[in-house]
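Hello! Here are a few friendly notes to read with the structure open beside you. Take them one point at a time.

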Amino acid sequence: FSRMAAGIVKLGAERVFLRLDADSPLVDTARRAGFFPYLEEILYRRDGGAAAEMAIAPLRPRARNDMFGVFQLYSHTAAANVRAIEGATFREWQAAQEKWGGRVSDLVLEDGGAISAWLRVARGHAGRFRVLAQPGCRDVEGVLGAALARLDGDRSVLTLVPAYCGGVAGPLTGLYFIAIAVAG
């Protein structure tokens, strides 16, 4: 890990993130190389197609000028220690965003002119999505319904939920998602 991180830093990277299962045998090696845990995430899986009679929120495709609104949503949602590490500024946050590859759909939900939820969806062998929603967002279930509607027919669906997104994690269990791993 140390040599890999040093090589990445030489290329100009400001931060290097590593995601491991909380019980991975590599956790101690990563810590010795200078990595430290700052965020717990739970990986959820759901097998089968979309549930019948689900509400679907009125999402729209994310426009290029929506990214600052998404950053503001992140700033209101993420814990201060997470923001300090992932990106305290808009530029740092943008640079820290994971590249999903393939065909990715980014959608947003607006409430009173502000972005209250951001949904990222990717189809594939297993469908994937990620939701960031304002605490107390009135339509989290509808955002999750929109994700599943876009992934209808995928054999299984995966989503990684940061611990600070408790408002998203709760409704997942009602949609037959099960927690399969914890990264931290």
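**Notes on the model**

1. Glu41 is buried, because its relative accessibility is 6%; buried means under 20% relative accessible area, exposed over 50%, and partly exposed in between, using a 1.4 Å probe and protein chains only. This is a predicted model, where local features need pLDDT of at least 70, side-chain atom pairs count only at pLDDT 80 or more, and totals for chains, interfaces and linings use all residues. Residues are numbered from 1 along each chain as its sequence is written, and side-chain values use heavy atoms, leaving out hydrogens and water.

2. You will find Glu41 in strand β1 (residues 41-47); strands (E, at least two residues) and helices (H or I, at least four) are DSSP runs, numbered from the N terminus. Beyond its neighbours within four places in sequence, Glu41 is in contact with several residues, including Arg19, Arg130, Leu160 and Ala183. Contact means heavy atoms within 4.5 Å.

3. Now look at two helices. Which residues of α6 meet α7? They are Val140, Glu141 and Leu144, and their partners in α7 are Gly167, Val168, Pro171 and Leu172.

4. Finally, visit Ala114 in strand β4 (residues 114-122). Ala114 counts as partly exposed because its relative accessibility is 41%. From C-alpha to C-alpha, Ala114 and Leu175 are 27 Å apart in space, and they are 61 residues apart in sequence.
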